[in-house]
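The following note sets out points on the architecture and packing of the model shown below. It is intended for a reader who will follow each point against the coordinates.

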Amino acid sequence: MGKSFITVIIPVYNEENQIFENINIIRDYLSKTEMNFEILLIDDGSTDDTWFVLKMLTETHPGIKALRLSRNFGKEAALCAGLEAAVGDACIIMDSDLQHPPELIPEMVRLWKEEGYEVVEGVKALRGKESPVNKAGANLFYYILSKFSGFDMNQASDFKLLDRRVVQAWQSMNEKNTFFRGMSAWVGFNRISIPFNIRKREKGTSKWSLLKLFKLAINAITSFSSFPLQIVTFMGLVFLAGSLILGIQTLYMKIKGIAYSGFTTVILLLLIIGSALMISLGIIGTYIAKIYEEVKQRPRYIVAEEIESRKELSVKQ
């Protein structure tokens, strides 16, 4: 089939304590594929000594390439940098903390090389140890996203193998605010899923705060569906129907001469309608903000430095 080269894309942020050891583990599993490979590391503006460790990797290991972004642009931008710099016939995207199990790499490559699948995606069978709030929030997010976007995003992850054709299709999408999981689902192609369990981190802590997760959820939903705008229209129709009913009732009470004190009703209506208007303005404002970000045409990321192993790429003989 002429497919002989793999690029492994790994975003890195403040991982100085474990990245050297983890890359060695990933390299061991890549060697089992008996294919040429390179590991492309994207330092997303780390504030510790991660970049120094990445330099050590390029000096001591063949087949390592590293990009350092000028600041922390976020994981989505780091993935963009990796996908646009990758040159492999297939790209594997995974996290640096080994929560995406590297032992699945040989099977992912086999499904791509021997069975012809163009997308091999890791699907979370178990999410690992999470608080009930985080687990419930994640389930609700993926349920809403799946319903709004029309794609099955339940238990989706960034752990994927993408054929070069899929990468090129992804690169043809020019939006500045990206959501990799949704975009990789949107392009289609022949795909298969592999379940995996999320491991506990051996060192360090997750870089995802509740605020970052909330921003990611808003970006994902608004990037792949206009349904929230339709909710605004639906709320307007509901309140229009309610106002007509209330107007008819008020006229009837006036004609009948029935004393009617509506202070409480008026206050409640004002509160409900006011809240609905503010929510509606917020939804519309979110979409306008996305339009504003897109028309500015700023780059998704800026690369400050690039280094590469001087030795030849590793090949399993």
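**Notes on the predicted model**

1. The protein chain has 10 helices and eight strands, where helices (H or I, at least four residues) and strands (E, at least two) are DSSP runs numbered from the N terminus. The model is predicted, so that local features need pLDDT of at least 70 and side-chain atom pairs count only at pLDDT 80 or more, whereas totals for chains, interfaces and linings use all residues. Residues are numbered from 1 along each chain as its sequence is written, and side-chain values use heavy atoms, with hydrogens and water left out.

2. Of the 317 residues of the protein chain, 43% count as buried; buried means under 20% relative accessible area, exposed over 50% and partly exposed in between, with a 1.4 Å probe and protein chains only. Among contacts between residues at least 6 apart in sequence, 84% join residues at least 24 apart. Contact here means heavy atoms within 4.5 Å.

3. Strand β1 (residues 5–12) deserves attention. Eight of its eight residues are buried, so β1 is largely enclosed by the rest of the structure. In a regular strand the side chains alternate between the two faces of the sheet. In β1, Phe-5, Thr-7, Ile-9 and Pro-11 point one way, Ile-6, Val-8, Ile-10 and Val-12 point the other way, and all are buried.

4. Which strands pair with β1? Strand β2 (residues 36–43) pairs with β1 in the parallel sense over eight bridges, and the chain passes from β1 through helix α1 (residues 19–31) to β2 in a right-handed β-α-β crossover. A crossover is right-handed if, with the strands pointing away from the viewer, the path from the first strand over the helix to the second runs clockwise. Strand β4 (residues 90–93) is also parallel to β1 and is joined to it by four bridges. Two strands count as paired if DSSP finds at least two bridges between them.

5. Individual residues locate these pairings. Phe-5 is buried, with a relative accessible area of 14%. The C-alpha atoms of Phe-5 and Met-35 are separated by 6.2 Å, although the two residues are 30 apart along the chain.

6. Two packed helices are described by the angle between their axes and the distance between the axes. The axes of α1 and helix α2 (residues 50–60) come within 10 Å and cross at roughly 40 degrees. That angle makes α1 oblique to α2. Axes are lines fitted to C-alpha atoms, for helices over the stretch in contact, and angles run from 0 to 180 degrees between N-to-C directions. Angles under 35 degrees count as roughly parallel, over 145 as roughly antiparallel, 65 to 115 as roughly perpendicular and the rest as oblique.

7. The crossing of α1 and α2 is right-handed. The contact involves Ile-19, Phe-20 and Ile-23 of α1 with Val-53, Leu-54, Met-56, Leu-57 and Thr-60 of α2. A crossing is left-handed if the near helix is turned anticlockwise from the far one by less than a right angle, and right-handed if clockwise.

8. Cys-80, Leu-83 and Glu-84 of α3 and Val-167, Trp-170 and Gln-171 of α6 make the contact.

9. Leu-79 also lies in α3 and is buried, with a relative accessible area of 1%. Leaving aside neighbours within four places in sequence, Leu-79 is in contact with Pro-11, Ile-93, Asp-158 and Phe-180. Leu-79 and Ile-93 are 14 residues apart in sequence and 8.1 Å apart in space, C-alpha to C-alpha.

10. The loop between β4 and α4 (105–113) holds Ser-96, a buried residue with a relative accessible area of 6%. Not counting residues up to four places away in sequence, Ser-96 touches Ile-10, Pro-11, Val-12, Glu-15, Ile-19 and Asn-22.

11. Most residues other than glycine have a negative phi. Asn-14, in the loop between β1 and α1, has a positive phi of about 50 degrees although it is not a glycine, and is partly exposed at 21% relative accessible area. Leu-98, in the loop between β4 and α4, has a positive phi near 65 degrees and is buried at 10%.
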